[in-house]
Amino acid sequence: MEQILANGVYLGSQYAMIALGLTLIFALMNVLNFAHGQMYVIGGFVTYTFYGQWGVPFVLALVMSCVTLAILGALIERYLFAPVIKGPAREESTMLLAAGIAFFLDAVILLVFGEKQSGVPKIVDGVFNYDFRLIMPYDRILICVLAILSIVAFIGLMQYTKTGRALRALAQDRTAAQLMGVNVDRYSMIGFALGAMLAGLVGGLLVTITGVNLGMGGATSIKAFMMVMIGGAGVISGAIWDGIILGFMEAIGLALLYQYGDITYLLIFVSLMIFLAIRPQGLMGKPWG
Amino acid sequence: MFGFTSKQLARVGIFLFMIFIGVPLIVGATGRWDFYFTLTSVALLAIASAGVWLTFYIGRINIGQGAFALIGAYVSAILVVKAGWSFWISLPAAGLFAAVVAILIGLPILRLRGVYFAMITLVLTQVVTLTALALPITNGARGISNIPLPSGISVFGIPILPDFAAMENTKLAFYYTACILMIITYAALYRLVNSRLGHLCRSMQQNEELASSIGVNISYIRIVIFAISSFFGGIGGAMFGSIAQSVYPSSFQVADSVNFMLNCFLGGLGYVFGPMLGTLVLYFGWDLLFEFGKYQMLIYSTILIVIIRFLPNGLLSIRFGKGGDK
């Protein structure tokens with residue numbers, strides 16, 4: 001039981017971080033970022049290159065992941081999404097653009113980093129063992145703590161800084177924010193960069209445990225979409241809650257149904273569909289986003 | 001004739017001539033027999049894309065067509081392999097089964113809109129793949145292989161369809177079958193769009209509340225449309241399984257669902273024949289870029305992004321000039 005709870009917290013904190021980035025981008029620009037999983041993979045590969053191959057300290061490698069993704073996110077927003085959103089076309093074209101970018105990033109990852117599964121050496125050795133009831137390697141605990149710290153830092157940023165206030169205003173009502181003197185273009189770019197950065201950070205953190213490979217991108221995107229839906233698209237607190245909920249569901253499901261393999265995910269998906277049929281706007285969302 | 005102008009009739013005539021006589025002549029002249037397989041795939045994917053286009057027509061972004069294509073492929077394969085049905089009966093059965101599933105799933109999820117509907121249909125693709133892995137009848141990850149080729153049909157001793165297994169050139173036969181199916185699909189789609197139902201769909205695309213307030217039964221129409229859309233998906237998938245002679249849970253994945261959506265967008269959502277052109281361009285483009293080896297994906301996705309950036313209303317908007325940025 002303790003083990004399941006610990007696994008739940010561990011998975012939940014990671015998922016919450018992935019969902020946060022996606023939901024931030026969605027709240028700000030009404031863009032469903034299909035490329036989120038690919039950004040996560042790039043973050044993982046950057047940390048792998050710096051920490052695993054060049055021997056740079058882990059924290060520095062994480063920072064490099066964040067910086068790379070923030071720049072990438074800013075460029076994508078500035079030169080691809082912003083003109084398409086401003087254009088006269090229907091809003092679905094942003095979704096198409098996001099899918100195109102996902103393909104593009106996949107191709108880039110394939111060319112630059114190859115398709116092999118890549119892992120890095122452990123950052124801390126040893127296993128935390130409490131009476132054989134709760135067994136958790138120290139590096140997992142460290143990653144979990146780092147993830148929770150990043151989430152707290154992110155919430156602090158959103159709540160108590162000028163940038164955060166501007167971003168929240170944008171998410172609530174774009175036009176009103178503009179009328180109040182918020183530089184919409186600039187903060188859209190910052191918001192997108194921030195969302196991409198979060199994806200990169202999770203990728204960098206998780207590369208130490210699960211490693212990273214090209215195929216992870218798509219699967220991560222689907223999980224992130226699910227979490228965003230459970231919590232209600234574009235709601236920050238919802239994203240954290242549903243990350244934790246999904247983490248616990250997966251931990252419990254894998255513990256109870258491990259002999260059936262993939263059936264856990266099937267059950268999670270099906271229960272999600274039933275949940276959404278009853279409450280289409282998610283846990284905390286406004287109806288119809 | 002039937003309200004068509006002679007110009008339209010001439011165009012349809014040229015199109016049919018190209019498909020049934022032009023292409024075999026070109027293939028025969030150049031000796032590129034692999035083009036048959038490519039074009040057959042294009043025709044079948046275009047059928048499934050037509051379904052996605054139809055759900056766009058009522059204002060829903062459908063990224064779940066891969067799910068129904070997979071359902072269709074499995075239903076047909078199981079009926080042929082395990083129940084010993086003729087493929088030609090299993091084909092409509094697969095379509096109908098997909099439509100029934102669509103009605104059951106559509107009842108709750110069609111209440112969702114916009115991004116929410118898009119995301120849940122995406123999840124649906126994943127659900128069907130996982131179900132196929134978990135159920136015993138689908139053989140899990142091993143899938144169903146060695147599906148026999150379609151057998152012949154004869155009514156009162158007169159052969160209507162020849163036995164595919166006895167033919168020496170199945171590629172050509174499959175090509176013709178797929179093209180005929182595609183033409184029927186698009187004719188039906190054209191008819192539907194220009195019918196009373198099509199007008200009602202357009203009213204829903206613009207504003208569901210308004211349509212509902214003037215007496216359009218929106219919940220009934222969206223279920224009907226979603227069922228027809230999934231029927232197309234099921235037919236396309238079943239035919240695909242028959243040509244590949246095998247079905248696996250990975251035959252249609254999330255990426256395929258996304259591709260169906262891309263086909264529609266790229267061809268142009270405002271035109272009935274948009275998805276056909278979009279499928280042709282995307283699939284053929286992908287095939288032609290094979291020459292570039294490992295840069296294939298990079299070039300392909302760059303072209304895709306450029307098209308979306310500069311032609312947001314689809315390829316057909318060049319021809320018709322109906323784009324917004326005149």
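I began with Asn62(B), which is buried because 27 other C-beta atoms lie within 10 Å of its own, against a cut-off of 20 or more. I note at the outset that this is a predicted model.

*Entry 1. Surroundings of Asn62(B).*
I looked up where Asn62(B) sits in chain B, and found it in the loop between helix H2 (34–57) and helix H3 (65–81). I then listed its contacts, leaving aside neighbours within four places in sequence: Val52(B), Thr55(B), Thr121(B), Ser229(B) and Met261(B). I also checked Phe260(B), which is 198 residues from Asn62(B) along the chain. The C-alpha atoms of the two are separated by 8.9 Å.

*Entry 2. Chain B against chain A.*
I looked up the contact between the chains and found 38 residues of chain B touching 41 residues of chain A. On the chain B side, the elements that give two or more residues are helix H4 (87–109), helix H5 (114–134), helix H10 (254–267) and helix H12 (296–310). Which of these gives the largest share? I found that H5(B) does, with 14 residues. I sorted the chain B side by residue class and got 26 nonpolar, 7 polar and 5 charged.

*Entry 3. Helix H9 of chain A.*
I took helix H9 of chain A, residues 216–231, and compared its span with the expected one. Its 16 residues reach 23 Å from first C-alpha to last, close to the 22 Å expected at 1.5 Å a residue. Is H9(A) mostly covered or mostly open? I found it mostly covered, with 15 of its 16 residues buried. Just after the helix, I noted a positive phi of about 105 degrees at Gly232(A).

*Entry 4. H1 and H10 of chain A.*
Packed helices are described by an angle and a distance between their axes. The crossing of H1(A) with H10(A) is right-handed. I counted the residues of this contact as 15 nonpolar, 6 polar and 2 charged.

I looked up strands S1 (residues 127–130) and S2 (residues 134–137) of chain A, which run antiparallel and are joined by 4 bridges. Which residue of S2(A) does Asn129(A) stand opposite? I found Ile135(A) there. S1(A) and S2(A) form a hairpin with 3 residues between them. In the turn, I noted that Asp131(A) has a positive phi of about 60 degrees.

Key: Residues are numbered from 1 along each chain as its sequence is written. Chains are lettered from A and ligands numbered from 1 in the order in which they are written. This is a predicted model: local features need pLDDT of at least 70, side-chain atom pairs count only at pLDDT 80 or more; totals for chains, interfaces and linings use all residues. A residue is buried if 20 or more other C-beta atoms lie within 10 Å of its own, exposed if 12 or fewer, and partly exposed in between; C-beta atoms are placed from the backbone. Two residues are in contact if their C-beta atoms, placed from the backbone, lie within 7 Å. Ala, Val, Leu, Ile, Met, Phe, Trp, Tyr, Cys and Pro count as nonpolar, Asp, Glu, Lys and Arg as charged, and the others, Gly among them, as polar. The expected span of a helix is 1.5 Å times one less than its number of residues. A crossing is left-handed if the near helix is turned anticlockwise from the far one by less than a right angle, and right-handed if clockwise. Two strands pair if DSSP finds at least two bridges between them.
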